[in-house]
Amino acid sequence: MKYAIIGNGVAGIHAAEAIRQLDSCGEITMISDEVLPPYCRPMISMVLEGSVAVEKLPIRPASFYDDLNITPVLGSRVSAVDVDNRTVSVNGRSYPYDRLLIASGADPRRIKADGLELRNIFFMRTEAHVRRMLAVLPHVRRALVLGGGLVGFKAAYGLLRRGIPVTMLIRSGHPLSMQVDLEAGRMITGELSARGLDVRVGVEAAAFEGNGRVAMAHLSDGTRLLCDMVVIGKGVFPARGFVPKDKINVDAGILVDEHMQTSVAGVFAAGDVAESTDIARRTPWVNAIWPEAVAQGRIAGMNMAGHPAAYPGSLSRNVIRIFGLDVMTAGIVSPPETGDFEALSAADRRTGTYRKLVFKGDRLAGVALVNSIEQGGVLTALIQSATPVRLPREALLKPGFNFRQLMPI
Ligand SMILES: Cc1cc2nc3c(=O)[nH]c(=O)nc-3n(C[C@H](O)[C@H](O)[C@H](O)COP(=O)(O)OP(=O)(O)OC[C@H]3O[C@@H](n4cnc5c(N)ncnc54)[C@H](O)[C@@H]3O)c2cc1C
């Protein structure tokens, strides 16, 4: 059996390990444009903030490929997949496969603005990006971050922790608007503003100016801003440009069934590039987070090696520390006003805590907790298992609720 895996991120490596556990002699080829041993992508933001050394990023040793008898094809981009002839094209060479996994992750969203070719304008997706950012940090006096999603937020947080004042341009009213609701967003903005973040809402960068390296941004409201570093954190998009869309069904991501198989038999997808069923929304969704990439990679690998395994669906969730705030979210925290959802919340300004629960029918569909994240894991498990909640709902708002009461008698 010939296995090909596109991408050596966490989804790809968990698939390779699952395959090797079940098939000791199949040929595995792993193709990636990154040449490093597999590393922890979320931790690049900790490298930026200075809490983790870049050498600590790898999650597998350099011997990973030898240890698992994998043929690595690194520093190479896949340009096409031919599902009729079962081949993958890389630099003019064809690699045959019987089973293919697409685990190519996501690419940062690009922006349109003049002057993007100037130095010190960065994306933050790879180890190489963050190394380049570290090299210029000693000369940076003011930074500009475009976007307040997870990556934009983490870039701003890292720079603030380095003592660099940051201006953040966002479209919605507060950073992390996809992760948290308005109340939690206000608390986060307050915490960040107290440490030097200047948030501007509804403004875009139209152009950058400088003598070789960025020195100023021209904003869409006509104002100008001095900045010697820019980070573009406008979200990510599944890296599926090489996928034949006339053969493999795609939406935002590559659509997969519960076995992580695409619409083409023998072709699987996992991680940030895949679109699976979202447990809370009960609809296809791309949840581009690390734990789902791990789980999806493993399930895909098992199925590729002929061992049927079902994936229960994905759930957005995050735990984030923001200076003095601990924030935990899962599922739908800002539900649409369709009448299907009921939200309960409790905020205590004195202690700076906030807890919010979102229900759909008798199931918990979302949770947002600020500085009171006790039992967040139990609440997340309630959403994942779609367990009917038979307690008075207010009981779950209390941090010390007795979760044994949730068990069926
Ligand atoms: C700064 C940052 C902070 C994050 N923080 C969190 C967090 O706090 N919590 C959380 O859960 N998640 C977080 N994430 C998201 C998390 O890192 C991803 O969900 C996870 O890494 C996805 O793994 P993957 O294997 O699907 O893709 P990736 O890790 O992106 O791996 C895909 C690999 O495929 C390669 N590739 C792409 N296209 C091609 C091609 N055509 N040919 C060859 N190779 C290709 C890519 O270069 C890459 O090496 C963060 C991400 C970033 C960037």
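**Strands and cores**

Guide: Start with a residue pair: Phe208 has Ala217 in β14 as its bridge partner. Keep in mind that this is a predicted model.

Visitor: Which strands does that pair belong to, and how many bridges join them?

Guide: Strand β13, residues 205-209, and strand β14, residues 216-219. They run antiparallel, with 4 bridges.

Visitor: How many residues sit between β13 and β14?

Guide: 6 residues, and the two strands form a hairpin. Gly212 is in that turn, with a positive phi of about 90°.

Visitor: And β14 and strand β15, parallel or antiparallel?

Guide: Antiparallel, over 3 bridges. Strand β15 covers residues 224-226. Met216 pairs there with Leu226 as its bridge partner.

Visitor: What's in the turn between β14 and β15?

Guide: This is a hairpin too, with 4 residues between the strands. Gly222 in the turn has a positive phi of about 90°.

Visitor: Switching topic. How many residues are in the largest nonpolar core?

Guide: 62 residues. Val145, Ala156, Val230 and Ile383 have the most contacts inside it.

Visitor: Which element gives the largest share of this core?

Guide: Helix α5, residues 150-161, which supplies 8 residues.

Visitor: Back to Ala156. What does it touch?

Guide: Leaving out residues up to four places away in sequence, Ala156 touches Val145, Val166, Met168 and Leu197.

Methods: Residues are numbered from 1 along each chain as its sequence is written. This is a predicted model: local features need pLDDT of at least 70, side-chain atom pairs count only at pLDDT 80 or more; totals for chains, interfaces and linings use all residues. Two strands pair if DSSP finds at least two bridges between them. A nonpolar core is a set of buried Ala, Val, Leu, Ile, Met, Phe, Trp, Tyr and Cys residues joined through C-beta atoms within 7 Å. A residue is buried if 20 or more other C-beta atoms lie within 10 Å of its own, exposed if 12 or fewer, and partly exposed in between; C-beta atoms are placed from the backbone. Two residues are in contact if their C-beta atoms, placed from the backbone, lie within 7 Å.
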